[in-house]
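Hi,

Here's the structure I said I'd pass on. Have a look at it first, then read my notes below.

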Amino acid sequence: MPESRVVEIPIGDRRFSVPIPNLIGVAEPEHTPGVPDKREEIIRALEAPIGSPKLEELARGKHSAAIVINDITRPYPGGLMVEELARRLNAAGIPDERISLIVAYGMHRPNTMEELGEKYGAGLLRRFPIVHHNASDPEKNLLLGYTEGGVEVCINRSFAQAEVRIVTGCIAPHQFAGFSGGRKSVLPGIASLETIRRHHSFPIRPEAISLGLLEGNRFHKESLAAARIAKVDFILNAVENTGRELVRCVAGDLEEAWLAGVEISRKIWTVAIPERPDIVVVSPGGYPRDFDLHQSQKALGCAEMVCPDGGGVILCARCMDGAGKPGKLLREAKAPQELIDRFLRNGLEPSGTGKAYMLARSVTKFHVVLAGSAIPGGALREMFLDGYGTVEQALAHMLERYGQDARVLVIPNASEIIPVVEQKKGG
């Protein structure tokens with residue numbers, strides 16, 4: 001008989017100790033310790049770039065630079081990275097006023113300067129010109145060419161016209177790209193709406209959840225091709241553990257340095273699942289991973305890989321910023337299948353059909369409820385979801401539905417876990 005025990009589950013900026021009955025496992029990576037000094041690790045990576053000369057050598061004789069940074073939904077030590085990159089660019093003769101920081105929103109909502117200041121430090125932001133990428137503004141984007149797969153590479157003009165082009169980010173498992181970081185800072189990060197639309201629609205978008213999958217992944221390959229056409233000169237990416245501690249930095253060549261980081265990330269985040277559960281409890285990992293329903297959906301992608309069709313999924317996510325664009329589409333739809341058919345027919349639309357499609361797919365395959373969400377229950381029901389104030393209440397509902405002996409699996413950082421199911425239930 002499975003055990004019952006207390007498990008810590010992150011929701012928003014807190015961790016809740018929840019008694020879990022019939023527990024078959026907690027899918028967490030083995031702990032990988034973080035480095036004692038983040039700045040020291042960033043400097044180490046910059047001093048030993050992979051597949052590339054040092055940044056100061058690349059920048060010597062150049063007059064301008066652009067550094068792509070993440071928006072507030074992506075945790076990583078971006079402020080320290082910018083400081084150390086700027087130190088080397090300054091040494092090569094490029095002053096702060098000619099180093100632009102380009103915020104990679106993709107299709108996310110723009111951040112306020114106050115929000116960015118909390119992440120990067122207001123003083124740091126005052127040092128450099130800040131460019132808020134706008135995927136929808138044709139005047140702010142520049143067409144550079146096309147990939148072999150037919151994707152037009154139209155990206156942020158300020159980045160394209162800079163003499164030194166740098167991207168920063170974090171390498172972690174991703175439900176479509178296999179892993180984040182590297183080339184994703186360009187596509188979708190600073191790409192035009194049409195470029196993102198083509199890239200995020202079928203047949204380029206993988207139909208199955210592709211956490212950790214690069215081989216044969218066209219979504220990854222087209223993103224990499226776009227970043228090459230954009231002529232990325234240098235990357236600086238972080239690899240973090242489940243506690244958001246920096247484990248390793250990689251710097252240098254767009255692909256070679258990134259792949260070195262991917263192998264470290266893969267070892268951290270791959271987790272064996274003993275068997276398929278009847279009920280899976282997933283959390284994106286707390287704030288900012290559960291910033292809104294748009295971001296929190298990624299935890300459902302992991303659930304898709306382990307939960308049998310018809311099973312129960314409890315999504316533990318605060319969603320302080322609400323449901324976002326996909327929420328509006330779900331509320332307007334008569335049935336989830338309507339959104340699935342719309343995406344299959346039209347592909348990605350600016351209204352948020354991609355995430356709405358993924359959420360609709362989840363609620364048609366599983367019984368999905370939210371726990372601990374700031375989204376009102378009435379709004380959740382309009383989106384074909386049920387909501388419970390606590391994880392305990394959601395579990396009680398699931399056990400009533402699936403039986404008191406239903407087996408439960410908990411995945412506390414499901415946005416990034418690469419789950420490998422060892423065997424199916426019953427053999």
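**What I found**

Helix H9 (residues 256–269) lies across S11 and S12, and runs at about 10° to S11. Helices (H or I, at least four residues) and strands (E, at least two) are DSSP runs, numbered from the N terminus. Axes are lines fitted to C-alpha atoms, for helices over the stretch in contact (heavy atoms within 4.5 Å), and angles run from 0 to 180 degrees between N-to-C directions.

Before going on: this is a predicted model, where local features need pLDDT of at least 70 and side-chain atom pairs count only at pLDDT 80 or more, while totals for chains, interfaces and linings use all residues. Residues are numbered from 1 along each chain as its sequence is written, and side-chain values use heavy atoms, leaving out hydrogens and water.

Now the sheet. It's an open one of six strands, in the order S5-S4-S3-S8-S11-S12, with mixed pairing (two strands pair if DSSP finds at least two bridges between them). At the edges sit S5 (130–132) and S12 (246–252), each pairing on one side only. S8 (residues 164–170) and S11 (residues 234–240) pair in the parallel sense over five bridges, and Val167 stands opposite Ile235 in S11. Helix H1 (residues 38–47) packs on the sheet too, touching S11 and S12, and its direction makes about 25° with that of S12.

Not counting residues up to four places away in sequence, Met113 touches Leu125, Ile130 and His132. The C-alpha atoms of Met113 and Leu125 are separated by 8.5 Å.

Cheers
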